[in-house]
Each structure stands twice: as structure tokens, then as C-alpha cells.
Amino acid sequence: MKSINIRKLHVELYTTCKKIIIMSLAEVHSFFTIKYLSLYLDLINNKMSNQKYLALRVCFNTSTRFNIGYNLAVRQFAPTTDEHQAEQLSTILHEWSSGVLEEFGIKVMLDVLISTSDSRSNVKRTLDILIDAWWEWCISHLIYLALTEAFGTSIDPNNSKNVDTHCFFQKIKKVIEAVNKSEYLQGAFEETMLELLETYLKLLNSPQH
Amino acid sequence: MDRTLCIEFYSLIKPVQAVQIKAQAMQTFVIVNVYIMLYSLYTTVLDVSKLLELIILVRRQLGSKDPYPMSRSHDALQPATREARKFLGKAMSEHYFKWYHPILALHQPKKIYGNNLGQPMLQKNVLEETNFKFSYLIDAQSMLYSPMTSGKILAKLINATNIDRLDIPVGWTQESLQKQHFVFVNQFIWNKIRCLAEIVAAPIVLKKQQTAGSTPLGDLRDRQSASRH
């Protein structure tokens with residue numbers, strides 16, 4: 001079997017995808033006389049490596065198609081200490097995201113009409129004030145926050161506003177973990193599920209948010 | 001006891017989670033569905049004066065042996081569910097439904113809703129972007145959908161808000177505030193849409209004018225208007 005240079009393949013794939021996206025955006029750009037892009041910006045924290053990533057997605061409509069979306073980047077976000085000291089985080093975020101968008105031929109101030117993100121003040125300031133796009137809080141983030149507050153399921157029990165429910169969910173998590181660890185319990189659970197629901201739904205361990 | 005609690009919690013969480021899943025759709029236009037689903041949540045699951053519809057997965061198999069009624073009044077729920085339902089309503093109001101509250105949605109509402117010897121008096125007839133704490137983007141996007149242009153859902157959401165009596169400015173009532181807030185938000189949304197439409201229309205109008213000016217009929221019109229002046 002021929003050995004493949006994975007890194008080279010990734011670069012070639014990236015370049016091809018980038019070309020397609022740039023062509024698609026240029027075609028749309030010539031069609032619109034106003035700002036036309038919807039921008040999604042998210043800062044993702046990797047709990048395992050403790051690294052931050054900047055995720056950018058754009059969406060737009062054309063005269064024939066709706067909701068065309070491209071994930072432009074999920075890039076490691078690691079500003080230097082000097083950058084941190086010199087600027088506010090929102091300003092650094094603005095520079096980084098503008099850099100990614102410019103790579104794809106997007107002029108931030110001319111093309112971005114609306115934006116969505118979580119409620120972090122830095123990200124909000126970047127989109128609402130620095131990019132000057134019509135900003136709205138992401139509904140999914142909003143609902144997640146409301147559910148966490150209502151059921152007290154934040155990871156840190158001290159932050160929990162509903163202690164009783166927090167304990168109840170901890171108990172359920174332990175039961176699920178115990179079932180998943182034991183082959184006997186898994187078998188018994190599967191049998192009961194099939195008897196009652198005629199289908200087997202796998203119990204998933206709770207993800208760490 | 002725990003099984004009852006599980007069913008009640010599930011019945012609370014599932015409809016909220018359904019909105020969350022819908023909102024994450026990538027390739028389809030879902031904003032109107034999400035908007036209506038949020039309104040429906042506000043008037044059903046989150047409203048403690050309404051029955052909570054119980055979602056029981058094994059209902060079909062258990063048939064008549066099922067001991068649970070299909071829905072329960074708030075008072076008949078487990079204390080933990082009652083508490084969680086109250087918290088959920090509060091959290092959703094704090095993060096989303098506050099947008100429709102005539103007082104909480106504004107920066108310095110007292111400067112807008114003044115009073116003149118006990119008579120309601122507006123200090124401003126049209127509010128600017130800086131007067132609002134929220135952007136109303138979802139409402140604006142929904143209003144571009146023709147059956148919702150009149151802002152019926154927006155009016156219903158605003159009318160469903162409860163205003164603390166102490167927050168009501170002198171000379172105003174809850175109803176008059178809600179009515180005025182609808183006018184303000186509706187005006188703000190349509191002004192924003194109008195501004196965008198004007199930018200789109202400007203080059204089209206200019207192009208039409210230039211084309212009309214270059215045709216023989218256009219030349220004639222130009223000469224006529226020049227002679228009138």
C-alpha cells in the first residue's frame with residue numbers, strides 16, 4: 001500500500017475547499033447591494049487540552065438557494081501575552097476573526113449583516129460593536145443556560161441554584177454509570193426495555209460541559 | 001416516587017429541548033418555527049396556571065394499567081418539579097421573555113414613560129436602538145414571513161408579560177404599557193427593515209431614472225420639466 005502524506009493531503013483539501021467557498025461568495029457578492037452575511041462566532045474551550053478554539057461560520061441566501069452555510073474555521077485561539085496586555089479580548093477576537101474572513105474575501109464592515117453567538121461579553125462586544133452587525137443571542141445557548149439554571153445541573157455544585165434537583169440528577173448519573181459498567185445490569189435493562197418499548201435505547205453517560 | 005419525578009422532569013425538559021434541537025437546524029429556515037415554539041412554551045409548560053402535559057414513553061404498552069393521568073395541575077406535581085418549573089420559567093423569562101416586558105426591555109424606562117399630573121405622557125414617540133436592551137432580530141426575521149407581518153405573536157408575547165405594580169409609572173396601566181411597548185418594538189423593527197430596503201432600492205431607482213432619461217420619451221419629459229421651470 002502506498003504511503004500517503006496526510007499533511008499534504010490536508011493542505012490540498014483545504015486549498016480546494018477554500019477556492020470553492022471564495023468563488024461561491026464572490027458570485028453572491030456581485031448579486032447583493034447590501035450586507036448579506038450572517039456570522040456565527042464561538043469560542044470553544046477544550047477541557048482535555050485546556051486550549052481555546054475560534055469557530056466561525058457564515059450563512060447567506062442567493063436568488064435560488066436558501067441557507068447556504070460554510071464553516072470557515074475552527075482555529076486555535078492563542079493570542080500572545082503582549083497582545084493580551086495591549087488590547088481587550090474583544091479587540092483581539094475582532095482582529096483574528098477579521099483575518100479569517102478576509103482570507104475568504106469577506107469585507108467585515110461591508111458584508112456582515114447579522115451575527116449570533118453565546119452571551120459572553122467579549123464575543124458580544126466583538127460582533128455587536130466592533131463588527132457592527134445586528135447581534136442576537138444564540139437560542140440554543142440561551143435554552144441550555146436556562147435549563148442548567150432551572151435544574152441546578154452546573155458542574156460546580158456551589159453554583160447550583162436548585163440543590164435538590166442537582167442531587168437527583170447526580171443520583172441518575174451514578175445509576176447510568178453503574179448500569180453501563182455491569183454486563184449483568186445492561187442485559188437486564190435491555191430485556192426490560194425490549195419488553196416495555198419494543199426497542200433498546202442505549203444509556204449514555206452524561207457528557208462533561 | 002423517583003419514577004414519578006423522572007416522568008415529570010422529562011415532561012418539563014422534553015418540550016424545551018425540542019426548541020433547542022429545532023434552533024440548531026443548519027440547512028432549513030426554522031426561525032418562524034422556533035419563534036412559535038417559544039411562544040407555545042411560554043403559554044403551556046412554563047405557565048404554572050396551566051396543566052403540565054405528562055410525556056410517558058411506556059404509556060402505549062401499559063394501556064389501561066397506566067396509573068398516571070395525561071396531565072397534571074401545578075399543585076399536583078411533586079414539590080421538586082414545582083420548584084424546577086418555577087425556576088425554568090424564571091430563567092427563560094430572565095434570558096428571553098424579558099425582551100417583551102415594557103419596562104425591563106428598556107434602558108431608563110422612566111425617561112420614556114413620563115407622566116403629567118397623573119396622565120400618561122410619552123417623552124419620546126419613536127425609540128432608537130440605544131433605548132432597547134435587546135435587538136429583536138428573531139422578531140424581525142419572523143415578521144418578514146407574510147402571515148406574521150402584523151406582529152400578532154409579538155403582541156401576544158408582550159400582552160402575556162406581567163408587570164410588577166411598583167414598576168408601573170404613574171398615570172400608566174399594565175395594558176397601556178403593553179400596548180405602547182408593542183408600538184415601540186413594531187416601529188423599531190419596521191424602521192430597521194425599511195432602512196435596509198431603501199439601500200436595496202436606491203441603485204434600482206437610480207438605474208431606472210437613468211434609463212428613462214436616455215430614452216426619447218425620457219428626453220421629452222426632461223425638456224418639458226425644464227420648460228416648466
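This is a friendly dialogue on how to read a predicted two-chain model.

Reader: Before we start, what should I know about the numbering and the model?

Author: Residues are numbered from 1 along each chain as its sequence is written, and chains are lettered from A and ligands numbered from 1 in the order in which they are written. The model is predicted, and local features need pLDDT of at least 70, side-chain atom pairs count only at pLDDT 80 or more, while totals for chains, interfaces and linings use all residues.

Reader: Let's begin with the fold. How many helices and strands does chain B have?

Author: Helices (H or I, at least four residues) and strands (E, at least two) are DSSP runs, numbered from the N terminus. Chain B has 9 helices and 4 strands, and their order along the sequence is α-α-β-α-β-α-α-β-β-α-α-α-α.

Reader: What share of the contacts in chain B with a separation of 6 or more joins residues 24 or more positions apart?

Author: Two residues are in contact if their C-beta atoms, placed from the backbone, lie within 7 Å. In chain B, 64% of the contacts with a separation of 6 or more are between residues 24 or more positions apart.

Reader: How do I read two packed helices?

Author: Two packed helices are described by the angle between their axes and the distance between the axes. Axes are lines fitted to C-alpha atoms, for helices over the stretch in contact, and angles run from 0 to 180 degrees between N-to-C directions. Take α1 (residues 2–23) and α4 (residues 79–95) of chain B: their axes come within 10 Å and cross at roughly 15°. α1(B) and α4(B) are therefore roughly parallel to each other (angles under 35 degrees count as roughly parallel, over 145 as roughly antiparallel, 65 to 115 as roughly perpendicular and the rest as oblique).

Reader: Which residues make the contact of α1(B) with α4(B)?

Author: B:Leu5, B:Glu8, B:Phe9 and B:Leu12 come from α1(B), and B:Ala80, B:Thr81, B:Ala84, B:Arg85 and B:Leu88 from α4(B). By class they are 6 nonpolar, 1 polar and 2 charged (Ala, Val, Leu, Ile, Met, Phe, Trp, Tyr, Cys and Pro count as nonpolar, Asp, Glu, Lys and Arg as charged, and the others, Gly among them, as polar).

Reader: Now the chain pair. How many residues does each chain bring to the contact?

Author: Chain A brings 27 residues and chain B 31 residues. On chain A, β5 (134–137), α6 (139–151), α7 (163–181) and α8 (183–197) each supply at least two residues of the side that touches chain B. α6(A) gives the most, with 11 residues. That side of chain A comprises 17 nonpolar, 6 polar and 4 charged residues.

Reader: Is B:Ser146 buried or exposed?

Author: A residue is buried if 20 or more other C-beta atoms lie within 10 Å of its own, exposed if 12 or fewer, and partly exposed in between, with C-beta atoms placed from the backbone. B:Ser146 counts as exposed because it has 7 C-beta neighbours inside 10 Å; it sits in the loop between α6 (137–143) and α7 (152–159) of chain B. B:Leu104, in the loop between α4 and α5 (109–112) of chain B, has 18 such neighbours and so counts as partly exposed. Of the 229 residues of chain B, 24% count as buried.

Reader: Which value of phi does A:Asn50 have?

Author: Phi of A:Asn50 is near 60°, a positive value in a residue other than glycine. A:Asn50 is in the loop between β1 (37–46) and β2 (51–60) of chain A. A:Asp132 also has a positive phi, of about 60°, although it is not a glycine, and lies in the loop between α5 (121–130) and β5 of chain A.
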